[in-house]
Structure formats: C-alpha cells, structure tokens
Amino acid sequence: MENKYNNILLFSILIIGVVFLFLLNISLGSINIPIKEVYTSLLQGTCSKDSWNYIILNYRLPKAIVAILVGIGLSISGLLMQTFFRNPLAGPYVLGLSSGASLGVAIVILGASFLPISLSDFFLSSIGVIIASSLGSFIVMISVLVISKKLRDTMAILIVGLMFGSLTSAIVGSLTYFSSAEKLQKFTFWSLGNLGNLTWNSIGILTSCVVFGIVLSVFSIKPLNALLLGENYAKSLGINYNKTKYIILFATSILAGSITAFVGPIAFIGLAVPHIAKLIFHTSNHKILFWSTLFLGAIIMLICDSITQIPGTDIILPINAITSFIGAPIVIWLLIRKKKMLG
C-alpha cells in the first residue's frame, strides 16, 4: 500500500514537472518572457506585448512541443529495446535506424553534386532532408523486419542491427571523404540535432508517428514483463512471442525513425531515461515503468532544451551536446547512489 501511495506521489510530481518545465522552456531564450505571460498567451492567444505573443506562438511553443515528443518517443523506444534484448546498453538506435537516416541525409547533402540540379536543390531543402532521412530509416526498418523473420534469436537481431549501422557508417565515411567543407558543415549541423526547424505541418506528422508508436507500445506492456525472464518463460505464459517481437520492433522503428528524420539523431535520451526511471521507482514492472519513462523522457528533454538556450543571448547550443553532457553524469551519479544504498 505504501508503494502505491509513493508511486501516486511520484507520478503527480512528474506531471507537475512536465507542465512547469514546458512553461519555463517557452519563457527562456534571447528574450526572457515571464512565465505568467507565457501562461496567458497559451490560454488566451494574447499577452501584454504583441512581440512576446508572436515569439511564443510561432517559435517557442513548436520547439517545446517537439522536445516533449522527442523525449517521449526516444525514451519509450529505448525501454522497449532494453527489455526485448535484455541488454542495459541497448537504445532506440541499436537496429541501425539512426545510421540509415544518416545515410539518407549524407547521400543528398554530401552526394548532391551527383544529382541533377533540380533534384539537388529539392533534397538540400529542409523538406528534402526530412524525406531522405525518412527513406533511409524506412529501408533499414524493412530490412531488419524481413531478416528478423528468419532469425529466432534476439541477440542475432541485435547483431544484424549493429552490422547495418557499421555498413551505413562506412558509406557515410566514404561520402564525407570526397565532400567539400561546406557540405560537411551542413551534414555536421544535422547530426548535432535541431528541435526548432519544424513547421506546424511537420509537427503534426511527427505527433501522429509518435502517438501511433506509443499506442503500439502500450499493447506490449504485459508481454514486456514476461520477457524480463526470457523468451521461453514468456511463451509458457501464453505470450505470442513472434507477434510481440514484430510489435516491439515496428513500434521502435516508427518512434526512433520518425524522430531522427525530423530532428536528427539525439543521443543519450533513449539509453539513459529507462535506467533513471528504474532507479527512481525501484521497479521493473512495465505497468509503472512505461509511464514513468514516458514522463521522465519529456522532463529531461525539456531541461536539456532549456539549457541550450543561453538566456539573454542569441546563442543556441547543439541539443546533442547538452543531452550527453548533462545526461551521462546524472546516470553515473544515480548508479553510484544505488550501489551505496545496496551496499
């Protein structure tokens, strides 16, 4: 009973945290806007200054929404992969989706000179980069799903994903070797991640993909608990292993692939947030772990995005640098703290 009340309290704190950090994220930037004004603008569509209202609704609100979507999607896909492969180092990109997306973008940015001028101009636009990244992730996703039909061992699927990653990285490396400094710079900027370049139409598509992936993931909560003790144990409980496997792989592909396509590869979140959730809630029950990971993913991504916006300046740091720089020490500290508590 005590654990139940503790979980209710923790979830209440997480929900309040998401709301507060969402408002704080929107208020921070080159021009600091009071949280009260942000609240008024979001509820009434206007605030005391028209310029503030314009900034909030057209620039900061879309970016804050994208931060939440990215945090939720990558965290849940990381949880799915860690449980499915029973590997604490597995993340949303172990299937090679990020590498596939990088290959698609590398081909259109670094290999643009080999394309006709009309196609080159289109693919170098923001929409073209999204399409190329989506195609790269989609091709890898289909390849992994097809190969997984012939592989019964989950570790073999993991190795296949890693091999896809190595193969695409080799091709990207070859393209970078023959590319100009300008093209290399553009590809590097994409690989550092960017939450702020999406239109409302793009956000709508990304939201649809993330919601679809989360809904698929919800159906795998019960099988995930069974998979903690292995494939044979799950089958003994009547779990349809093959169906569960395809749902998990497809959900991860949709979540990680769509996010990478729209904002670039984001490090740390998918790998670390599930561990943070386990350490905070002291459970491996996915009925609790799933939703705690979801909320924590949104919170940590909002924190990281807020840090990228240096107050009072126009400088915006790369989101990938912040997620790794802030996230890695947090996980190390939590693991040390857990060790001391157990010791």
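A nonpolar surface patch of about 610 Å² is formed by Ile127, Ile131, Leu135, Phe138, Ile139, Ile142 and Val146. Patches are built from residues with over 30% relative accessible area and no salt bridge, with like charges joined within 9 Å and nonpolar side chains (Val, Leu, Ile, Met, Phe, Trp, Tyr) within 5 Å, and the areas come from the Shrake-Rupley method with a 1.4 Å probe, where for residues only the protein chains shown count as cover. The model is predicted, and local features therefore need pLDDT of at least 70 and side-chain atom pairs count only at pLDDT 80 or more, whereas totals for chains, interfaces and linings use all residues. Residues are numbered from 1 along each chain as its sequence is written, and side-chain values use heavy atoms, with hydrogens and water left out.

Val146 counts as partly exposed because its relative accessibility is 45%; buried means under 20% relative accessible area, exposed over 50%, and partly exposed in between, with a 1.4 Å probe and protein chains only.

The interior was described through nonpolar cores, each a set of buried Ala, Val, Leu, Ile, Met, Phe, Trp, Tyr and Cys residues joined through side-chain atoms within 4.5 Å. The largest nonpolar core has 85 residues, of which Val70, Phe85, Leu95 and Val263 touch the most other members. Helix α3, which spans residues 50–85, gives the most to this core, with 18 residues. A second, separate core of twelve residues includes Ala106, Val108, Val129 and Trp190. When residues up to four places away in sequence are not counted, Val263 touches Val66, Val70, Gly193, Asn194, Leu195 and Leu198, contact meaning heavy atoms within 4.5 Å. Ser217, located in helix α9, is buried, with a relative accessible area of 0%. With residues up to four places away in sequence again set aside, Ser217 touches Ile76, Leu80, Ala251, Leu255 and Phe290.

Eight aromatic pairs are present in the structure; rings of Phe, Tyr and Trp (its six-membered ring) pair if their centres lie within 6.5 Å, and planes under 30 degrees apart count as stacked, over 60 as edge-to-face and the rest as tilted. The rings of Phe11 and Phe281 are classed as tilted because their planes are at 45°, with the centres 5.0 Å apart. Since Phe11 belongs to helix α1 (residues 2–27) and Phe281 to helix α13 (residues 269–281), this pair ties together parts that are 270 residues apart in sequence. Phe11 is buried, with a relative accessible area of 18%, and Phe281 is likewise buried, at 7%. The rings of Phe84 and Phe85 also have their centres 5.0 Å apart, but their planes are at 70°, so this pair is edge-to-face. Phe84 has a relative accessible area of 4% and is buried, and Phe85 counts as buried at 3%.

One salt bridge is found in the structure, the term denoting a side-chain nitrogen of Lys or Arg within 4 Å of a carboxyl oxygen of Asp or Glu. The bridge is formed by Asp305 and Lys63, whose closest N and O atoms are 3.0 Å apart. This pair links distant parts of the chain, with Asp305 in helix α14 and Lys63 in helix α3, 242 residues apart. Both Asp305 and Lys63 are buried.

Lys63 is also 8.0 Å from Asn197, C-alpha to C-alpha, although the two are 134 residues apart in sequence. Asn197 lies in the loop between α8 and α9 and counts as exposed, at 58% relative accessibility. The loop between α8 (181–191) and α9 (200–218) also holds Thr199, which is partly exposed, with a relative accessible area of 46%. Thr199 and Leu61 are 138 residues apart in sequence and 11 Å apart in space, C-alpha to C-alpha.

Positive phi values were found in two loop residues, as follows. Phe268, in the loop between α12 (241–263) and α13, has a phi near 75°, a positive value in a residue other than glycine, and is buried, with a relative accessible area of 13%. His282, in the loop between α13 and α14 (286–308), has a positive phi of about 55° although it is not a glycine, and is exposed, with a relative accessible area of 60%.

How values were computed: Helix = DSSP H or I, 4+ residues; strand = E, 2+ residues; numbered from the N terminus.
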